[in-house]
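Good morning, everyone, and please have the sequence and the structure open as I talk.

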Amino acid sequence: MIKAVFDANLLVSAFLSRDNPGGASNELLRSARQGAIQLHLSPDIIAEALATLIASDRLKGRYGYTPAMAIEFCDSLRTAATMVINPPATPGAVPRDPDDDKIVACAVAAGVDYLVSRDHDLLSLGTYGGITIIAPEQFLHFVRAQP
């Protein structure tokens, strides 16, 4: 089975595209919920997604959701994923954005093969400790090719 960590930006995108089942982020999250991907998340990743969804009046207005809907979505992620609690820090993992170190820490602690993100600071690494860092659209091609 494919083991992966999804970055908060992918989770936000999946939520925002919930009415577009063909979107890459939405399809990947659906694949994880159906068991085709063993998804690993940390409380920090979910908290970042929730903070983005709740803080943005622009997104709430454009996509027509309430904070309660965002909270419900983020709560559902806890059951869709294997939670990685307090992963050991990986200081300096993402030199261009130290805030992203927590995403890498989750991936390392979970022993995943893939970290899926649209974040250019993460994508610029290419790999970290044997973990492939890949965009959702590329990862989706890989997932679809699996038996």
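Predicted model: local features only at pLDDT ≥ 70, side-chain atom pairs only at ≥ 80, totals over all residues.

I begin with strand β1, which is largely enclosed by the rest of the structure because four of its five residues are buried, where buried means under 20% relative accessible area, exposed over 50%, and partly exposed in between, with a 1.4 Å probe and protein chains only. Helices (H or I, at least four residues) and strands (E, at least two) are DSSP runs, numbered from the N terminus. Residues are numbered from 1 along each chain as its sequence is written, and side-chain values use heavy atoms, with hydrogens and water left out.

In which order do the six strands of the open sheet lie? The order is β3-β2-β1-β4-β6-β5, with mixed pairing, and two strands pair if DSSP finds at least two bridges between them. The edge strands, each pairing on one side only, are β3 (82–83) and β5 (127–128).

Strand β1, residues 2–6, pairs in the parallel sense with β4, residues 114–116, over three bridges; there Ala4 has Tyr114 as its bridge partner, and Val5 has Leu115. With β2, strand β1 pairs in the parallel sense over four bridges, and Ile2 stands opposite Ile37 of β2.

Turning to the helices, α2 (residues 24–33) lies across β1, β2 (37–41) and β4, and runs at about 100° to β2. Axes are lines fitted to C-alpha atoms, for helices over the stretch in contact, and angles run from 0 to 180 degrees between N-to-C directions. The axes of α1 (residues 8–16) and α2 come within 7 Å and cross at roughly 100°. The contact, meaning heavy atoms within 4.5 Å, is made by Leu10, Ser13 and Ala14 of α1 together with Ser25, Asn26, Leu28 and Leu29 of α2.

Last come the cysteines, and a disulfide here is a pair of cysteine sulfur atoms within 2.5 Å. How many disulfides does the model have by this rule? The count comes to zero: Cys74 is in no disulfide, and the nearest cysteine sulfur, that of Cys106, is 15 Å away. Cys74 is buried, with a relative accessible area of 1%, and Cys106 is buried too, with a relative accessible area of 0%.
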